[in-house]
Amino acid sequence: MSNWSRRNFLGAALAAAAASRLEAAPARAAQASARGPRLKVQFTPGGHTSPLQMYAMFTDPSFADVDTTVLPHPRAFDGIGGPNAPDVIVTNDWITGGWPESDRAKMVKHLDAGKGVVVLHHAVGTNNDQWPWWSEEAIGCFLYNPNVPGMKTQGRLKQFVRQTVTPVGNHPIVRGIEPFNLPWDETFPNMWISPKSTVLFVSDDPSFNNPALGWVGPHQKARVVCFQPGHTRNVCQDPNYRQVVHNMVLWAGGRLAS
Amino acid sequence: MKRATGTSASRRRFLTATAAAGAAALLHPARGAAQKITKTQVWIQLTTGGKPYPPTLQEMFLDPMFFGMEIWPIDQPASFAALLPAPPAPPPAAGVAPTQGRGALGGGTERDEPPDYPWEPSGGRPHPGYDVLVLNDQMDWPEPTRKLAQQAVEAGKGFVLLHHSLGDNQDWPWWYQEVTGGLLVLSDRGGMKRSTVGTAANLEVRPAGKHPILRHTKPFTLTNEETFKDMWHSPKITPLLQTSNGGSDSTIAWVGVHPTAKVVCIQPGTSRETHRNLSYRMLVRNSILWAAGRL
């Protein structure tokens with residue numbers, strides 16, 4: 001088989017795989033929309049570069065069952081408690097100095113109302129050691145905290161990992177998801193994950209202290225879920241990545257049965 | 001049989017040789033002289049913040065018509081430092097091997113970068129530098145941000161202001177009087193009346209004048225768009241687009257007034273329909289290229 005025909009074959013195989021995913025996506029979206037009006041989702045980035053593909057993920061046909069608005073800082077949480085309050089807030093901000101007090105109060109209100117939060121990539125470091133309650137009791141992780149033994153001396157960035165992501169357990173978010181390869185991403189191999197969190201996905205990258213890549217946070221009333229990947233354009237346009245984020249959004253919005 | 005000169009095969013060989021010579025010239029533009037890196041892409045910082053909008057804004061920039069542009073979203077709180085020339089890097093200290101990671105956190109970075117990745121924000125590689133700042137935020141920038149913006153304006157950088165960002169910096173007259181030439185007035189101030197905002201408007205849009213940004217632009221229609229009426233406008237602006245919609249000011253896109261920076265202001269840009277309108281996309285594309293000095 002010549003190089004050219006191998007390329008044709010691979011191209012056709014990839015196209016067929018993509019097509020089958022695209023056919024399945026509207027079906028999933030239709031199933032979810034049959035359960036009620038579209039979820040109101042607020043995507044809040046800020047403070048760090050993110051690829052265009054991260055935003056464009058929310059215009060993917062598989063996200064047709066959610067109505068997404070982008071609202072970066074400042075005053076990103078002012079709508080909480082109002083008539084157009086989001087059901088789910090997806091964060092990818094990088095505010096290591098911590099949100100201002102007014103934002104924290106609004107977020108507590110959102111959580112106490114039992115609503116959803118999905119924390120992506122950069123946002124696992126937001127508030128970090130500035131608001132311990134957020135890190136320990138809501139999202140269940142520290143990206144950096146010099147008071148946690150071992151975190152001060154080891155590398156905290158690894159670029160760019162090609163890893164296999166494997167689902168763990170039988171949580172609704174992981175149901176139907178097979179292990180998949182995730183190309184070229186930035187990882188944080190030295191995070192502290194709360195033992196009160198429920199791990200959803202693990203990485204096979206050997207540099208992780210704790211292989212957890214995705215987990216449900218420990219907050220008792222709200223539905224909080226974190227997914228560490230999401231740095232590169234390669235990852236943000238990956239269909240498997242988008243499926244995981246979509247499942248997380250639906251679960252955080254109460255649209256996936258526990 | 002003797003092969004005739006100028007056949008397809010020999011033309012291909014000639015074109016191949018010419019292309020190879022051209023590529024070699026591009027790869028080694030200054031052999032014998034000091035090596036200089038030439039950026040071929042236009043680098044763009046896209047900054048939003050403080051106001052909601054649909055994700056179709058960023059989706060727009062994935063359209064192939066934006067080919068040749070490296071567009072990096074960084075939303076508020078955002079720095080404009082990468083619009084300015086980077087200071088020379090200090091010489092590496094002897095005995096310090098690991099690359100530094102995120103400055104705020106310290107720590108090291110292990111790297112294995114894909115060969116075609118253009119640049120990486122967290123990796124410590126020198127920033128190529130942005131040519132154009134595209135804005136859709138709405139806020140009063142803090143003082144350090146204003147200082148960087150002013151330096152970028154005076155350095156002749158490009159600025160494309162979309163929709164919400166026409167309300168930026170209500171309390172910084174230099175910005176709207178000397179740079180953008182327009183302000184969405186959010187509350188009565190300094191003799192200016194508050195502007196009004198209309199929703200779900202259909203706008204018949206027509207080009208005004210013969211500016212390079214308008215090349216190949218024909219009249220077009222925008223739907224479900226937000227309109228601004230009674231904005232403050234400088235008499236020195238150069239109109240680009242106009243509409244006769246009664247809920248809107250007549251001039252809805254214009255070239256700003258600063259003598260060194262290249263500034264374009266575009267009032268529409270809030271609806272999914274607008275972001276997916278090909279004429280709108282071409283307008284934004286041309287504005288970026290012109291602001292970067294490429295038109």
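Asn224(B) lies in strand E8 of chain B, which covers residues 220-229. Strands here are DSSP runs of at least two residues (E), helices are DSSP runs of at least four residues (H or I), and both are numbered from the N terminus. Please keep in mind that this is a predicted model: local features need pLDDT of at least 70, side-chain atom pairs count only at pLDDT 80 or more, and totals for chains, interfaces and linings use all residues. Residues are numbered from 1 along each chain as its sequence is written, while chains are lettered from A and ligands numbered from 1 in the order in which they are written.

**Positive phi in chain B**

Back to Asn224(B): its phi is near 55°, a positive value in a residue other than glycine. Asp230(B) also has a positive phi without being glycine, near 65°. Asp230(B) sits in the loop between E8 and strand E9 (232-233) of chain B.

How enclosed are these residues? A residue is called buried if 20 or more other C-beta atoms lie within 10 Å of its own, exposed if 12 or fewer, and partly exposed in between, with C-beta atoms placed from the backbone. Asn224(B) counts as partly exposed because it has 14 C-beta neighbours inside 10 Å. Asp230(B) counts as partly exposed too, with 14 C-beta neighbours inside 10 Å.

**Chain B as a whole**

Chain B holds six helices and 12 strands. Of its 295 residues, 38% are buried. Two residues are in contact if their C-beta atoms, placed from the backbone, lie within 7 Å. Among the chain B contacts between residues at least 6 apart in sequence, 72% join residues at least 24 apart.

| Peptide bond | Omega | Loop holding the proline |
|---|---|---|
| His73(A) to Pro74(A), cis | near 0° | between E2 (66-70) and E3 (88-93) of chain A |
| Gln76(B) to Pro77(B), cis | near 0° | between E2 (69-73) and E3 (109-111) of chain B |

**Helix H6 of chain A**

Over in chain A, helix H6 spans residues 239-252 and has 14 residues. From first C-alpha to last it reaches 20 Å, close to the 20 Å expected at 1.5 Å a residue; that expected span is 1.5 Å times one less than the number of residues. H6(A) is largely enclosed by the rest of the structure, because 11 of its 14 residues are buried. Among them are Tyr241(A), Arg242(A), His246(A), Met248(A) and Trp251(A). After H6(A) comes Gly254(A), with a positive phi near 75°.
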